[in-house]
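Trainee: I have a new model to read. Can we go through it feature by feature?
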Amino acid sequence: MPDASDTLLDAPPCASDPTRESPVVESLPKEPAFRHSRLQRLADRWSHLLFLTCGLLVVALIGGILYFLAARGAGAFLPLAGNTDKVLTLKEVFLSADWDPNSGKFGILPFIAGSLSVTGLALLLAAPTGILTGVFIAKLAPGWMKTLMRQVMDLLVGIPSVVYGIFGLMVVLPWVSGKWLSDSPAAGFAVSAAILAVMIVPTIVSLSTDAFESLPLALEEGSQALGSTRWQAIWHVLIPAARPRLLTATVLGLGRAIGEAMAIQMVIGNNPQWIALMRGATDQTPVLRFLFTPAATLTTELVQELPNTAAGSTWNNLLFAMGLLLYLMTMGIILATRRLGRQRNA
Amino acid sequence: MPAAISYRPRRLSRVTDRVMRLALWGLALAFIAVLAVFVGAILKQGWPVLNLGFLTRMPETLDAGGGIKPEIFNSLYLVALSLAISLPIGLGAGIYMAEYAGQGRILRFLRLCIETLAATPSIVLALFGMIVFVQMMGWSFSIRSGAVTLALLNIPVITRVTEVSLLAVPRELKEASYGLGATRLQTILKVALPYAATGILTGLVLTAGRAFGESAILVFTAGTNTSQTFPDFRLTVPGETLSVHLWYVTSDGTLPDAREIAAGTAAVMIVVLLVLNLSVRFLDRFIRRRTR
């Protein structure tokens, strides 16, 4: 009884019928002798739409985050409905280091510079040590040490950022200030970056371990057959060969570092006027001033001020714009890793 | 070394080799030391505070001597709710990517989206949750706002682990199922998913650990207050978790014993995460024993 509904059911549910792409099903005869119940066939036909919906939800989320952050952030620059406060120009926000919201100065360069400084310092610490630890785990460590290091890294990555923060606050800051700064406060880039480095090092270690383990063994053997020591093989052959993947590992570490909020907020000192403070203090060397002046980043300013600013105010809208900036940076970082990946395949 | 090798690297090279290998050992041991100092310091600071009273008292807002009973409950409740929301979505998306998406452009695009979501800073997800759930939906700072936003953090991880676990299912198993006349859906639900279940479960435990430790999202969606009744299963009340409590008492500074409470809370969290980590290890071993 081939009625209309039945033909509908037998037709592919959408233009790109996924069953055609699958090698498993293609090898089956087209017309099975055995037929399932109507319900079974119905479920089979339409269930993939359910799964597809879940996938599309993720796509929608990516777009949704972008849309809502942009819509709120735009309030700082455009006279939108519900915008109660003054409107800023892009120039006075992104090209000015003058941050004093109470007198209408909203230059966010200090936060951008703060984010870049603390992330850069953290990478400076985490990238070399992480990559070398990766080499160690992949090429030098005996079996038990490999297992132990993997567990250590798993634990380090599983520790919540607030616990890192409280460790910094209660243990590292007092220790650093007592030991090296003759009891003046230690909050600032140095301690934040050190804690951040420990937080991102597991990412770099595990990705670079994978990178070294996936290199062909012949590279190392060839190098050693030519008379190199193990270290020479690592330094002159393995690290250059793994370079694109090591870069990817570092870039992903960068991504984690730039978005971290709570741990840094607890130890950095939260001072948006850090540039002025740094210039003003002349009693110490510039390096020490840079490392130990209380500062602020994009994320710490968000955590600090989001609860204190009224919805619809310029300041509040600008915070969402800063969130959007962070989000765009994340997207840039993911696209950069994609490009690095393609280089590897070429 | 076999005697046939007549060449030896230069002395400098040999010394460098030895020094660098020692240095790498030192580096690895340094990381172990960092972890040991970290866990040791947190437990040592928290130990004097930890007692039954601390775990079973209500928190104080102005006086010393508060406990963390509702925070423990809120943490577990929020993790469970967020997993309940993200598990079906993550499973569905993972099944689609492993079983239906083929190898083409759709899969690549979906992967890009999952990766982007996984890399999105939690503070950005917090902003999104604050706009959409707290403000637009009018849910204010509540358990439901927190659970839904927290689910956004879990979804990419669950999707990824589902996809990977499903791709590891042996092809023969699926072909046998098709050969017996099963539909694709039956094969996925009754053959592939049960085979992949332990892998997915391991990923789920890790996701739970991450959600348990998350704070940035919850400060701005579930709030920094907690209901005065216990246990309060209502979805509309604010639900401060352990990690938010830890952050809030230290940054707010109204409690005279904020330091002790933060230290105790941190110790509780470390203990919970150590237990979770051990259970993952146990699960892993169980899987390996089962698959040979």
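Trainee: What is the handedness of the crossing of α7(A) and α1(B)?

Mentor: A crossing is left-handed if the near helix is turned anticlockwise from the far one by less than a right angle, and right-handed if clockwise. Helices are DSSP runs of H or I, at least four residues, and strands are runs of E, at least two, numbered from the N terminus. Here α7(A) and α1(B) make a left-handed crossing. This is a predicted model: local features need pLDDT of at least 70, side-chain atom pairs count only at pLDDT 80 or more, and totals for chains, interfaces and linings use all residues. Residues are numbered from 1 along each chain as its sequence is written, while chains are lettered from A and ligands numbered from 1 in the order in which they are written.

Trainee: At what angle do the axes of α7 of chain A and α1 of chain B cross?

Mentor: Axes are lines fitted to C-alpha atoms, for helices over the stretch in contact, and angles run from 0 to 180 degrees between N-to-C directions. Helix α7 (residues 143-158) of chain A and helix α1 (residues 11-46) of chain B cross at roughly 40 degrees, and their axes come within 10 Å. Therefore α7(A) is oblique to α1(B). Under 35 degrees counts as roughly parallel, over 145 as roughly antiparallel, 65 to 115 as roughly perpendicular, and the rest as oblique.

Trainee: Which residues make the contact of α7(A) with α1(B)?

Mentor: Two residues are in contact if their C-beta atoms, placed from the backbone, lie within 7 Å. From α7(A) come A:Met145, A:Met149, A:Val152, A:Leu155 and A:Leu156. From α1(B) come B:Ala28, B:Phe31, B:Ile32 and B:Leu35. This contact has nine nonpolar residues, no polar and no charged. Ala, Val, Leu, Ile, Met, Phe, Trp, Tyr, Cys and Pro count as nonpolar, Asp, Glu, Lys and Arg as charged, and the others, Gly among them, as polar.

Trainee: How many residues of chain A are in contact with chain B?

Mentor: 75 residues of chain A are in contact with 69 residues of chain B. Helix α4 (residues 38-74) of chain A gives the most to its side, with 19 residues. That side divides into 52 nonpolar, 18 polar and five charged residues.

Trainee: How many helices and strands are in chain B?

Mentor: Chain B has eleven helices and zero strands. Its C-alpha trace spans about 80 × 65 × 35 Å along the principal axes.

Trainee: Is B:Phe282 buried or exposed?

Mentor: A residue is buried if 20 or more other C-beta atoms, placed from the backbone, lie within 10 Å of its own, exposed if 12 or fewer, and partly exposed in between. B:Phe282 counts as exposed because it has 12 C-beta neighbours inside 10 Å. B:Phe282 sits in helix α11 (residues 258-290) of chain B.
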